[in-house]
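Subject: Handing over a structure

Hello,

Here is the structure for you to look through, with my notes on what turned up in it below. Could you keep it open while you read?

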Amino acid sequence: MAIKKYKFAKLVRDNIVSDIQRVGNKPVFRVLEKDEYVSELQKKLFEEANEIVSAPKEELLGELADIQEIIDNLIDALDISKQDLKAAQDKKNAKAGSFKEKHYVDYVETDSESEWAKFYNKNSHKYPEMK
């Protein structure tokens with residue numbers, strides 16, 4: 001019988017390693033140091049955020065739970081308290097608001113010499129100029 005290897009190269013939930021072993025497979029894994037753990041949590045958050053975009057409605061709750069779990073572990077790894085997180089959220093909401101009003105900006109018109117034009121040009125990866 002030939003042995004095949006399948007690349008994971010990612011942070012997995014705590015029970016995944018033992019689940020892989022339980023069914024007779026051999027995971028090659030390691031325990032991450034704090035800096036690498038934080039980096040992998042950030043990557044995992046991005047991965048899960050991408051998954052939520054295409055998730056069917058019946059899977060959204062589970063995907064949101066995954067994202068919340070990653071956020072909870074990330075703030076714990078960074079020694080951020082839930083109170084500090086809430087204070088940062090409140091500060092952002094006080095300055096820019098929440099998302100409750102459901103505003104969606106298609107594009108912005110601005111004078112080409114304005115400070116905003118300079119900002120948008122500097123951040124063209126997020127705000128590409130329309131022709």
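A word on naming before the rest: helices here are DSSP runs of H or I with at least four residues, numbered from the N terminus. Please also keep in mind that this is a predicted model.

**The helices α2 and α3**

Let me begin with α2, which runs over residues 34-54. At 1.5 Å a residue, its 21 residues should span 30 Å, and the C-alpha atoms at its ends are 31 Å apart, which agrees. Buried in α2 are Val-38, Glu-40, Leu-41, Lys-44 and Glu-48. They take up an arc of only 160° around the axis, which places them on the same side of α2.

What do the buried residues of α2 pack against? Their partner is α3.

That helix, α3 (60-77), has 18 residues that should span 26 Å at 1.5 Å each; its end C-alpha atoms are 26 Å apart, in agreement. Its buried residues are Glu-63, Ile-67, Ile-70, Leu-74, Ile-75 and Ala-77. These too cover an arc of only 160° around the axis, which puts them on the same side of α3. Leu-61 and Asp-76, on the other side of α3, are exposed. The buried residues of α3 pack against both α2 and α4.

One residue joins several of these points. Lys-44 sits in helix α2. Is Lys-44 buried or exposed? Its relative accessibility is 14%, and buried means under 20%, so Lys-44 counts as buried. Leaving aside residues up to four places away in sequence, Lys-44 touches Lys-10, Leu-11 and Ile-70.

**Helix α4 and the positive phi angles**

Helix α4 covers residues 82-96, and its 15 residues should span 21 Å at 1.5 Å a residue; the end C-alpha atoms are 21 Å apart, which agrees. After α4 comes Gly-97, with a positive phi near 90°.

Ala-9 is not a glycine, yet its phi is positive at about 50°. Ala-9 is found in the segment before α1 and is exposed, with a relative accessible area of 64%. Lys-102, also not a glycine, has a positive phi of about 60°. Lys-102 belongs to the loop between α4 and α5 (115-122), and with a relative accessible area of 73% it is exposed.

The largest pocket has a volume of about 1600 Å³. It is lined by 36 residues, and those closest to its centre are Phe-8, Lys-10, Val-12, Val-17 and Phe-29. Which helix gives the most to this lining? It is α2, with six residues; α1 (16-22), α2 and α3 each supply at least two. By class, the lining of the largest pocket has 19 nonpolar, three polar and 14 charged residues.

The second largest pocket has a volume of about 620 Å³. Among its 18 lining residues, Tyr-107, Val-108, Tyr-120, Tyr-127 and Pro-128 are the closest to its centre. This lining divides into ten nonpolar, three polar and five charged residues.

Tyr-127 lies in the segment after α5 and counts as partly exposed, at 36% relative accessibility. Not counting residues up to four places away in sequence, Tyr-127 touches Phe-119 and Tyr-120. From Tyr-127 to Ala-117 is ten residues in sequence and 10.0 Å in space, C-alpha to C-alpha.

Lys-5, in the segment before α1, is exposed, with a relative accessible area of 80%. Lys-5 and Asp-19 are 14 residues apart in sequence and, C-alpha to C-alpha, 17 Å apart in space.

Notes
Residues are numbered from 1 along each chain as its sequence is written. This is a predicted model: local features need pLDDT of at least 70, side-chain atom pairs count only at pLDDT 80 or more; totals for chains, interfaces and linings use all residues. Side-chain values use heavy atoms; hydrogens and water are left out. On a 1 Å grid over the protein atoms alone, a cavity is a set of points where a 1.4 Å probe fits but cannot get out, and a pocket is an open set with protein on both sides within 12 Å along at least five of seven lines; lining residues have an atom within 4 Å of a point. Grid points are joined across faces, edges and corners, and a volume is the space filled by probe spheres set on the points. Ala, Val, Leu, Ile, Met, Phe, Trp, Tyr, Cys and Pro count as nonpolar, Asp, Glu, Lys and Arg as charged, and the others, Gly among them, as polar. The expected span of a helix is 1.5 Å times one less than its number of residues. Buried means under 20% relative accessible area, exposed over 50%, partly exposed in between (1.4 Å probe, protein chains only). The arc is that of the directions from the helix axis to the C-beta atoms. Contact means heavy atoms within 4.5 Å.
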